[in-house]
Every structure is written in structure tokens, then in C-alpha cells.
Amino acid sequence: MTSPSRRRFLSGSALTIAALTGSVAADTDPRERPAGRGGSSTSPAEAIAALPPANAVERTYRSVIVETVDVDSADELTHTARSTAEALDVDPTALSTVASVFTADYDRRLGTARGSFDAPTDDDAATAVDDWRVDDDGTLAVASTDGHAAFAGGEDEAARVDTATTMAEVAVGDAPRFGEETAGVATAFDALDSMQTVLFVPDPSDANISNTASGELRALAAGFSVHPSELTGSGETEYYLFPTADAALDEDLVRAIVADVEPNEVVDTDVSTVDDAIRVRATVEAAPDYDREAAPDAHVRTSFDRETTTMTFTHRGGEAIPADELELWVDGELADTQPADQGDAFTEGDALTVDTGPLAVVGLRWFDEPANVYYTYASETVDREAFEGTVDTDAGTATFRYVGQHDADPSNLTVSHNQDDGVRTIEDAFADAGDTLTDGDEVVVEGVSFGDSVRLELAVPDVTGLNARPLAHVRVSPPRLHVSTHPEQGTVLRYHGSTERDADEFRLLVDGEPADTQLAEKTETLSRGDTVAVGEFPLGSELTVEWVEPEESMVVAEHVVTPRTHVSVTYDADDGTATFTHRDGQSLPAEDLEVRVDRKATETQPRDEFDTFGSGDEFAVDVPPFASVELVWVGEDVESRVGGTTTGRDAIEASYDPDAEELELVYVGEQPADPARLHVRRRASGGGGEDGDTTAFAAAYDELTDGDSVTVDAGVDDRVALTVRTETENTTSVRSIAHFSMTPRHAFGFQRDDGSLIATYRDAVDRDADEFRVLVDGEPVDEQPGDVHDTLTWEATVDLGDVPVGKTVTVEWTAVDDAVEVGEHTVAPSAAFDVSYDAAEDALTVEHAGGDTVDADDLSVVAPPSIERPTDWTGEGEVAEGDAATFEVTETPEMVYVVFAERELLDREQVDDDGEREHAVPE
């Protein structure tokens, strides 16, 4: 059939685009990637093996995204995969699949990853499930074992840890899985097994994924053969629609639903029925790609005149834009008058004015049709000051009142009411106003309760790059409190609400009974950021904070008191002992502590030496190399890991001979070790799978001593993992203690030191230093690694001298015929940024907080889910301390990234719902 015009591209649902966006600098064609270079092959169904049903973790799943990952660097990841890798602190090259769950509350997002990565080995795990450990860093709870990890977000630490623990229990088979209890999952994931990306929506009404699908579908799934953001030319998408019992779906409605959801342009469909689902095979063409570099470098400003209801776009400086490549859009349609009607080019000082009427979505877009790329110079929704939104929590209503200067057409106005049991869309919201909307007309939405959000929007066709923002929206949120146990202050409550409240509106319960000390006894009022210490409670106590102001009291915070104690574990390879040292936090009764090696209690326990284990106390137990050792606090109904490690992780050194294609593994431990515990796994090049699970050390030695070694055949594209296998009564535990890539990946890190740029070798394999070449902007530097070192070992450094800001340093591995790039770094300035988010104004402000000045043209901001791609800094010239830029966003950013030259991360900030931030300067 004939392809539709390439001048217009429907962007699909906001949810699909937000979930399936590309990376900050993803420029690799997926068809050029060799298969299977990441972790071990994992199907989409296996990727969700740790995912529980939504009701098991008290969440509403809006969508589940599963992606197959095969990348050389984080730059090639999609935003979703990158945020998962960062949350789990996993090397992107070790990933095989990631699964992300977007919930009704974005802060409570879940995610999983599978691959060839190792579980973390730090000493402060909160709990354990078989060979999974669960940790909480104050923002996320992470459950992990070697090659499999999961995380849970949310404000309440106990709830996060509970959710992550449940995910570990699901993974080991102790709890039901998402796929076992959710309609459509088994059918969809089985049918879409070979797809690169799978989208599953448990309830389209909850997700607001498609107004067309509302009430018609109980589930929806889509499989993309190529990630939608990376599609070039045409591709295939396969959909499975699961109708409700009373749905009336004809082929026209089915095709309309697919057109709503598909991120690219649908040009043909084939509809059939498979068991309990409707299958749609769609041929699609790529929507235009965002390409800031290709677009003329121009600055465009907008101004809306409310008196004349016109929008003016003014060229404020920079390059001229060919007029025939510039498009003016109004309400999803090309405007009657286009820039090309006024001249050949849009140059500095020129202005384009268009009549929008009182309410409209309008934008100016550059579009190169032959290259199928675009850039948006401006996109506005007007008039966002024409409505007032209010909430009456007692009556359970939200009201939007029109206060515009001119009569308006209400026919395109819709209201979306997002609540726990789904999204209710009210079309023709101002139907009572008739054909004309005048000052004072209003719509009242009933049934509004805490946790809901209500939006007033213009229902116009979406166009790629032109985002329709709500004309008004309100959120109904209960007060937020966070409970934590402080080593010195005891139990502390922190108030996060934006409204000041009387402290006697809250009641603290301990194990279901009112606490002796209540908040009102400590303070009269609570304002945002206030903290209240309410005393000490026994370990294992279940704390609950209720908000008693509503007719029915609400639980607003929960917490289980577990030890806030840091115990370090160090292993002495000389005498085979693990020493536990109490470093920080509360003292613990020794009788409540248990040392376990490979999950079995040891003969020597803290109670043998101590009554109380407190600051500075330490004790040692005998532990063989290659064993899991941990110290666990054991309560009546709960356990908490307060310290642990895996012994012998540094006992194997590796060196690679690329000419002989051999990897030598050398045991360097002083303590004799059992070689039968060690397994060597090689993953062949080209995605050929693992070449067995060999016990090379056990075949060569009865007992390992210092210097014993084995040699493994390994091609330059192969990977080798060294694992420890432990048999217990019911399970087999496999832990990876080392991972080696024959071709170095990201072999160097870079940092400034007293004016010099230092390249630090960060590869786990020792290599001949002459195998590496360093270039700056393509030219070899004077001093190469081989001039400084004979062999490069972990953390060997090379001083590259004073490399100016903006220069790009590249490190190549020259041991193969075609040199491989193993490190790249664009020298960025050093600058910090602060962010603040005003939900009422839909405004995100990013402010330079100190450090080097930066050219505004080199700065961009990414703030998902509203800003998915780098968006230029809104000012011009040099950006120095105190300078700020404001960006329009409609949802609380998951994270705000400030990017230099669209490649190097300068800073990242996390923002909570109330605008609070957590500063996280990248290393």
C-alpha cells in the first residue's frame, strides 16, 4: 500500500514514547551489533523471573518494558536501560536483558536485570534470601545475586526492602511470579520471545495508554523487532490485545488502538485471532529522529499575545534556517501559512506570527525529509493561564474554572482523572458550556481522593517533537513522612509535606499500639523538612504513622526497626580468618548475632566472647577461601544482615596473550584452597553460547597454593567468568568472583589531578602496555603507556598532561588487526548544578552552583519522563555560578542530568515529588 506522507508522524501514546526513548547519544545502528556480546542469553520471559504480581507489592503496574541489551558502552543504552543499569550499579556491557516496571507512582518503580555481572560484595546487606542479598542505599532497595538483580524504589525504606525481598523470593521460587497471576503475560511473552523490546500493559485503563482502548482491553502487549527509537526505514511490530468480556472490537477499532500506541508510523496491518487475544502484525516506518547537530544552530524565542491570541516566533540569533525545511504546526496540523510563504530563509530578527485562538498547541519544527530527522525550536501550549485548578478534599472534588480573556471552543478539552483503579477520561468536559467557553465556566470532577491527579488537556493529534502539555492539573496527596532509625537519635520522623500541619494530626503506633511518646509532645506543627526524634524502640518493632485528620485515618509511613550498625568484614588470606569489626552504630546483644559461612552457622559465635557487641569490638572465625561469610542479626520475626563478604575475591589474577589467544589464571592466595569450588566458564565469541562449565583448577590440582595456575583457550572476543559453587541441603549457590573480557572494555578511567589529565587502567586483566595507544583529537600523545609501563595492571596510571576542555581523548587496543577503542573521554569543565521543581508551575529550574563557566551552547538537560532527550540550555553566552535556566515539565523528574557537549555528564540530581533534591555528582 502507499505510504502516508512523511511530513507528519504521530508520536503514539505518551506512555509508549516515555518508556521507549533512546539514549543521550545513541548513534549505533543495532543491525551492526554482533549478537550476544553482553551477558548470557536471556528471553523476555526469563527477564521478568523476579517480578511479583502487582498486588503482592502493593503497587499498580502501568507498564512493563523488557529490553534485550547488547552494547559496548552506556551511551548506547536507551534511557530505560541506562537508568536500570545505574540503579543497580551494573556494567552495561555485562547486561543481557533489563525489565522496567512503571507504576502509578513513578517513585515506586521496579526494575530487574540479567547478565554476566557480579553481585556486590560490600558489608551492609539488609537481609538475604538464599544466595540473594538485599541492600538499601537510602533511595533504592536492591536484591542481587550473580547474574541477576532487581530494585525497588519508594519513599519508605521498610517498604522498599520488603518489595526487594519479595522479588528475591519470587526469583528463587518461594513466591508467585507476575507471569503466573497476571492475565495475558504467558501468552504474550511466549509469542514475543524473539523480540528485542517487549511492552506489556496489564490494564490499559490504568495506564492511560490509549483513549481508544479505554474499557475495551484487560491487557495489551507489543513486541518490537528493533527498539522503536533505533528503527531506520521500515520494521515490524507485533501486538496482542486482550479484550474485556464485554468489549466490542471491530477491525477499525483495533487498528485505531494500535495507531494510538505505536511510536512509529503504521503503514499496514494484519489482524487475526490467537486463543484469547487479537494479534496485529503491523508494518511501520520510522518516525523522524531527533538530530540537534544536523539542524541549523539558531535560537528561537516565543511570545503569546493574549489580546490578539497570536503566537510569535522570533529568530534571536545564530544560523539562518532554510524556510522550506521549517514547519509551523497548530493543533496537530500544518498551519495554512508556512515560513516558506514568507521568504527563502528564517534569519536573525525575523518573526513568524500565527493566529492560535485562545487555546492551542503550537510549534515550530525543522524537518529534513530526505534524512528523516527533526529538531524542535519551540513547542507551546496556550493559554496555560486561562484555567484555575482547585481541590476540595472534604467534598472529594477537583474543579477547573475558565478565566481566559476571550471566548473559546471547548470541543477539544478533555479531563483525565488518574486514580488507583485506573484512568477515567472525561471527553467534552465542558459540555454544559455549549459551543462557547466563557469566563467563569467550570467543570467539576467528583470522586477525587488522596493519591489522585486530575489534568485538563487539549485533545489534538500528536506530532513528533511537539508535546501537548496540560492546560491545568492538580494533585491530591496525603502528607508524607519518612521513618528511620538513627544510630544516635533513635527513631526519627522527617516530614516531607508541602503544607504545614498540626503535629496532633498524626499518631505513632508501635506494634499496633499507640506509642508512649507522640509527635505532638515534641512539636506543635510540622513544616517541610522538619525532623522529630521520638525515642528508642526495641529491635524488630513495627512502627506505623497514621494521619488521623480524615474521617478514615490513613497510614502514611511504616518502618521495622532493624540494626543501624556497620560491621566490616576483612579476610586474612594468610591465616584463613575473617575478622568482624564493629565500626559504627548501636551495640547489639551478642546472643542475637549469628555468623554463617555458606549459610550455615559456624562453631565460633560472638556470644562465645561477648555479652554485647559494640563499637571497636572485633572477633575472628576460620573461613576457607571462596566462601560466603556473613554476620546476621536474628530477631523474632525478622533477620537483618549487618556485615558480610565473599572470601578470596582477590585471589585470582589474570593475564592475556592475544597472539596465543590464551588466558592465564593464577591463584595468589596464601591460604590453601579447595580447587573443586572454582568453575571456569567461557562464553564464545559471536554469541555462540557458553563452552561448558569446566573445573580446570580441580583437574590440575588437589589443593591450590600460591602460584598455581591454569591456562584457558580464549579468543579475543570471548569472555571468561570464574565462579564459586556451593552445595547446600536444598539449593546450589553460584557466585561469580571474577569476570574477564579478552578484549578490554572501558579499560581506562579519566580524572583531573592538579592540572593534568590522568588515565587510570581499570581492566581486570594484566596486559602488555605496548598494546595500547592514546590519542587526543585523533593525534597520538607524546608519552604512550608503553613508555611508562611494561605491563598494565589494575590502577596503573598514565599522566597525559594538560588536555584542554573540549578535547576528546581516545585509547585504542592495538593487539588486533583493527584497533579497538577501549576508552573515550571528552574533557569537560568541572561544575555543579542545583535543581528545583515547582509542580504547581510545571517548572524545572537548573542553576549553576559553582565551578567552571560553561558555554551555553555546550549545555543540555535531560529530565525524564518529561524531557527524554537533551534539551538546550535556554540562555546564551557563558553560564557561570548563579546563572539558571528554566524548563517546562509536567511530571516530577525521575532524575535531572546536566550534559556537556551531549556526551559527558557534568552533574545529576534526583528530585522528589515535593521538589527536594539529592545531590549526586558523577565520579
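A nonpolar core here is a set of buried Ala, Val, Leu, Ile, Met, Phe, Trp, Tyr and Cys residues joined through side-chain atoms within 4.5 Å, where buried means under 20% relative accessible area and exposed over 50% (1.4 Å probe, protein chains only). This is a predicted model, with local features needing pLDDT of at least 70 and side-chain atom pairs counting only at pLDDT 80 or more, while totals for chains, interfaces and linings use all residues. Residues are numbered from 1 along each chain as its sequence is written, and side-chain values use heavy atoms, leaving out hydrogens and water.

**View 1. The largest nonpolar core and leucine 800.** This core holds 47 residues, and Leu665 and Leu800 have the most contacts inside it. Setting aside neighbours within four places in sequence, leucine 800 touches Phe750, Leu757, Ala759, Val774, Val781 and Val809 (contact means heavy atoms within 4.5 Å). Another core, of 27 residues, lies apart from it and includes Phe200 and Ala277.

**View 2. Helix 4, residues 157-171.** Helices (H or I, at least four residues) and strands (E, at least two) are DSSP runs, numbered from the N terminus. Helix 4 is mostly covered, with twelve of its 15 residues buried, among them Glu157, Arg160 and Met167. After the helix comes glycine 173, with a positive phi near 90°.

**View 3. Histidine 482 in strand 30.** The strand covers residues 481-486, and histidine 482 is buried at 16% relative accessible area. Beyond four places in sequence, its contacts include Glu155, Glu157, Arg494 and His496.

**View 4. Alanine 840 in a loop.** Alanine 840 sits between strand 64 (831-838) and strand 65 (843-851), and is exposed at 70% relative accessibility.
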